[in-house]
Amino acid sequence: MNTPGAVACKQLKWRVHFKCLYGLGVLLVWALFGSASASAAERLIVSPQGPYTTIQAALSAAQAGDTIEVRGGVYTGNLVLDKSVILEGTPGSVSGQKPTLDAGGRGTVVTINAPDVTVRGFEIRNSGSEPDQDHAGITVNAPRALIEQNRLDEVLFGIFVAEGPDSIVRANDITSQARYESGRKGDGIRLWYSPRVTLENNHVHAARDLVIWYSQGVRIINNLIENGRYGVHLMYSDDSLIANNRLLNNSVGIYAMYSKGVELVDNDVRDQRGPSGYALGFKDTDNVTVENNLLVENRGGIFLDGTPFTPNSFARFENNILAFNDVAVTAMPAVKRVEFTNNTFWENIEQMSVHGGGGSPDANTWQGNFWSDYTGLDADGDGRGDTPYVAEKLFENMTDRMPILRVLLYSPAAQAIEFAAASFPIVKPRPKFADPAPRLTPAPLPATTQPPADTRREMVAASLMLLMIAAGAIVIAKRDKPMIESDSVPKPTAQSLPAAHRTAELAQAVVCAESVGKTYGKTRVLNDVSFCVEAGQALALWGPNGAGKTTLVKAMLGLISFQGNIRIKGLQVRQQGKKTRGFIGYVPQLTMFYDWSVQTTCEFYARLKHVPAARVPQLLQQLGLAPHASKSVTALSGGQKQRLALALALLADPPILLLDEPTANLDSAARAEFVRLVDDLKRQGKTILFASHRLEEVEALADRVLWLAENQPMRLMDLEEWRALVSPAVELTLWLGNEQRERASAFLNAQGWDAHLNGRGTIVVRARAQEKIRALKLLEANGFVVDDFQVERQTEVE
């Protein structure tokens, strides 16, 4: 019966059948013709020789899916890709160089406006420099772009993915415009409303930030990010993974804000030394997972503000290593429900700080972490401490409320405060947290994890300086305790002198080290170091970063435990550290001063040292600071600040000066002036020990050199031996006339040079780099005419 409902039902069925048949027909047509056209995608060649000589011409002729291969050469202008093509650079056949896209300082170099575009294998450079117009090397405005294996240089922003979901940025080398300071540079990579983007295997350096804003599901994997401002800045970007990255020498490492589902795994974050200098920072962020990261030598390891943010969310930190940081963890007072489990806290200056003070000691969970300053026992042998690790130091409580007091870390003032806290219950500090069962075995420290290799840590440097200039100014009731790593007497070594000579040397020495060693965990930093320095002599500490120079400086100051013996003016540093420090004036690489005038600063430290006020104007005059006495320290140049640090070190007229790369951050003129001042002090009888990387400083000041190298025996040598090791040799090729060539070769050999005829009508002279001009002048002075010369290659000195 054909009721209206039945008729409608039949009609609906026919429509469905028709649509299905239509759909099958479309698929059949695509299978027959569409795939054929896809397989017919073309490769268009662009090169200076053609067939296309401009990328724009090839782009005009291209269809979606085509590949435009660009060979060698420099291609100028602003390129806009509005078709779904593969733009691929291949090295030129002659030059072997990648093709270059150069915008000539105007606008963005490459703009992608079509989906599924690939840009691969180019040198991309010289964008415009207007930040409000986002001038960039590459801007992506469409989905699924693939940007890989490019080098971007002298571009304001590197790669700007603006509403480019599902894109991949891979294996690019990105830097910004070198003429600008970091705040004026553009971001190396910026994501804006671009979900599910992958950033992997890129090297971003000397740019501003790597910024992820309003972009969910981003993956940041295996990148090297260095010498920038924010390594990674995550904002309003949920479900992000940041894994296996290295972040070095930035102001801040990774900072996540207003996001949830953030996972940080297996990252190596080192030497973030900006004003905050956090390796990892979290603000109002939920569901945070931080596992197996290495946070080494940062101002701050972890910073927490409003994290976790919502009531049922979490923040979990597990199996991370925090080593040699100024402050391992800093939290705002309201932070709670954070879990710290099985982490290793290794020789951080302060393990945990509550910013501004306050907070509840049980607001967060600390369970089974290793603490390098834990002093409890493990009687039952279960690998856990029998008593809790409790963070409760009065001086740390004070620095939490007044961070400026951190300049007094290690000073007698700090020691006096802790002694008072231990002696009088009325000043007992408030605990910040407790770990009820701390681990007694740390996680294995990677071989690359070293104690600080140089004094770039301004706060610690200032503290050490204050210790030196204030030593003996405050009477401390607590006796110095010996700092001994080994009870065994150091054994004679191959470096030791015969007994009679050694006794005589010890009697004359102002500073003497015998078989000094230092180990951090399983890492041996100093091994069997021995030397003596007499009055009026200078010893240079030479070697690469990580070789132990700064560790040796700290040992001489009595700030760390060590093996062996160090004597200062005949006194043992380990047993009489306070007295030995009184003989030393210390100048670090960087010094932090309070915002006082030069005169006020010197007078303050003179009072600490019980030095007559009349000493201050004498020193200021001697060091060329008298015209600047009324200036604020903040108004001084870098060189003037280092002269002020030297003045403070000299207040009590110590017989020994200990300088830890004090000119590392100075310009050449300031370096030369500082070295001149130190040389004058040496001539006045001061004993100088200084760490340096600069050849000219060692040449100007040192009598001997102590060469330190990782995993190698120390070498104590005179300047001639040191020069032979650090000065490279060159092969100087000389062109002379046929009638002079053999005579010139014989003449040079007779004068002690290493010269020979090489069979190509030239003479080859092997000499040290600094001697090559002398060889030319010697020939000229003796009537030989050198038509031409060339330094062909550097070789090692035998």
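Hi everyone, let me start with a cysteine: Cys532 comes out at 2% relative accessibility, so it counts as buried, since the limit for that is under 20%. Before I go on, please keep in mind that this is a predicted model.

What does Cys532 pair with? A disulfide joins it to Cys512, with 1.9 Å from S to S. The link ties together distant parts of the chain: Cys512 belongs to strand 42, residues 509-520, while Cys532 belongs to strand 43, residues 523-534, and the two cysteines are 20 residues apart. Cys512 is buried too, with a relative accessible area of 3%. How many disulfides does a search of the whole structure find? One. Let me also mention Cys602, which counts as buried at 3% relative accessibility.

Now for the rings. The search of the whole structure turns up 26 aromatic pairs. Take Trp192 and Tyr193 as an example: their centres are 5.2 Å apart with 80° between the planes, and the pair is edge-to-face.

My next pair is Trp542 with Trp722. Why is it called edge-to-face? The planes meet at 85°, and anything over 60 degrees gets that label, so the pair qualifies, with ring centres 5.4 Å apart.

If you have the structure open, here is a group to colour in. Ring pairs connect Phe282, Phe317, Phe340, Phe345, Trp366, Trp371, Tyr374, Tyr389 and Phe433 into a cluster.

Last topic: charges over rings. Where does Arg184 lie? Over the face of Tyr180, at 4.1 Å from the ring centre. There is also Arg316, which lies over the face of Phe314, at 3.9 Å from the ring centre.

So, to recap: we have the disulfide between Cys512 and Cys532, the edge-to-face pair of Trp542 and Trp722, and the ring cluster that includes Trp366 and Trp371.

Key. Residues are numbered from 1 along each chain as its sequence is written. This is a predicted model: local features need pLDDT of at least 70, side-chain atom pairs count only at pLDDT 80 or more; totals for chains, interfaces and linings use all residues. Side-chain values use heavy atoms; hydrogens and water are left out. Rings of Phe, Tyr and Trp (its six-membered ring) pair if their centres lie within 6.5 Å; planes under 30 degrees apart count as stacked, over 60 as edge-to-face and the rest as tilted. A charge sits over a ring if NZ of Lys or CZ of Arg is within 6 Å of the ring centre and within 35 degrees of the ring normal. A disulfide is a pair of cysteine sulfur atoms within 2.5 Å. Helices (H or I, at least four residues) and strands (E, at least two) are DSSP runs, numbered from the N terminus. Buried means under 20% relative accessible area, exposed over 50%, partly exposed in between (1.4 Å probe, protein chains only).
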